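Student: Got this one open on my screen and I'd like to go through it with you. Can you start with a term I'll need and then take my questions as they come?

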Amino acid sequence: MEEKGVQAATTPKNILARMQVAHLGKITFNLQFLAVAVMAASVLSFLAMAVFYLLLLAVTLVTLGLIYAAYPSLKDLWSGGAVLESIFNTLAASWPYAVPAALALSVASIIFLCFDYRQKHVARITISAVIAVISVIVLVIKLVGGAA
């Protein structure tokens with residue numbers, strides 16, 4: 001039961017809205033790292049095949065080729081790059097989606113975090129700005145380079 005003359009404390013609607021927008025800014029800040037990971041994978045996927053074969057070569061050299069005597073099925077990895085190549089080609093083709101997503105999430109994060117007057121998010125805004133700049137640079141390089 002409520003006592004007479006006692007009212008429940010309520011948060012003003014404008015402050016509540018700012019708190020929710022700031023929380024959305026924190027969420028978009030965290031989501032941008034997922035987009036950045038996909039963007040980095042799509043941009044750097046051409047290196048993955050080289051790393052795969054260099055790793056196979058390193059294992060062969062370190063064991064002096066004796067690894068193939070112990071594990072004969074390992075030699076099939078030298079010719080089995082077709083599956084990995086299709087995965088890396090799919091990742092390389094994902095940049096038109098990943099780069100704009102990273103850019104949009106970083107810009108949204110900056111905008112939403114600016115609404116928080118209670119706490120300054122200097123580090124988050126700075127990181128989001130750096131990610132936005134990197135995304136724009138990657139987007140321009142990919143579009144000008146004709147890598148579509």
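Predicted model: local features only at pLDDT ≥ 70, side-chain atom pairs only at ≥ 80, totals over all residues.

Student: OK. How many helices and strands are in the chain?

Tutor: The chain has 5 helices and 0 strands, and read along the sequence the pattern is α-α-α-α-α. Both kinds of element are DSSP runs numbered from the N terminus: helices are H or I with at least four residues, strands are E with at least two.

Student: And what does the chain have for a radius of gyration?

Tutor: The chain has 25 Å, whereas a compact globule of 148 residues would be near 15 Å. That radius is taken over C-alpha atoms, and the globule rule is 2.2 Å times the number of residues to the power 0.38. Along its principal axes, the C-alpha trace spans about 85 × 45 × 25 Å.

Student: What percentage of the residues count as buried?

Tutor: 23% of the 148 residues. The cut-offs are relative accessible area under 20% for buried, over 50% for exposed, and partly exposed in between, using a 1.4 Å probe and protein chains only.

Student: Remind me how the angles work?

Tutor: Axes are lines fitted to C-alpha atoms, for helices over the stretch in contact, and angles run from 0 to 180 degrees between N-to-C directions. Under 35 degrees counts as roughly parallel, over 145 as roughly antiparallel, 65 to 115 as roughly perpendicular and the rest as oblique.

Student: How do α1 and α5 pack, then?

Tutor: Helix α1 (residues 13-62) and helix α5 (residues 122-145) pack at about 30 degrees, with their axes 11 Å apart. That makes α1 roughly parallel to α5, and α1 passes α5 in a left-handed crossing. On the α1 side the contact includes Phe-29, Phe-33, Val-36, Met-39 and Val-43, and on the α5 side Ile-127, Ile-131, Ile-134 and Val-138 are among the residues involved. Contact here means heavy atoms within 4.5 Å.

Student: How do the residues of that contact of α1 with α5 divide?

Tutor: Into 9 nonpolar, 3 polar and 3 charged. Ala, Val, Leu, Ile, Met, Phe, Trp, Tyr, Cys and Pro count as nonpolar, Asp, Glu, Lys and Arg as charged, and the others, Gly among them, as polar.

Student: What does Val-43 touch?

Tutor: Val-43 touches Val-138 and Lys-142, not counting residues up to four places away in sequence. Val-43 lies in helix α1 and is partly exposed, with a relative accessible area of 24%. Its C-alpha is 8.1 Å from that of Leu-91, 48 residues apart along the chain.

Student: One more pair: at what angle do α4 and α5 cross?

Tutor: Roughly 150 degrees, with the axes coming within 8 Å. That makes α4 roughly antiparallel to α5, and α4 passes α5 in a left-handed crossing. By class, their contact has 15 nonpolar, 4 polar and 2 charged residues.

Student: What about Ala-132, is it buried or exposed?

Tutor: Ala-132 counts as buried, at 10% relative accessibility. Ala-132 is in helix α5, and leaving aside neighbours within four places in sequence, it is in contact with Leu-103, Ser-106 and Val-107. Ala-104, in helix α4, is 8.0 Å from Ala-132, C-alpha to C-alpha, and 28 residues apart in sequence. Ala-104 counts as partly exposed at 45% relative accessibility.

Methods:
Residues numbered from 1 in each chain as written. Heavy atoms only, no water. Left-handed = near helix turned anticlockwise from the far one by under 90°.
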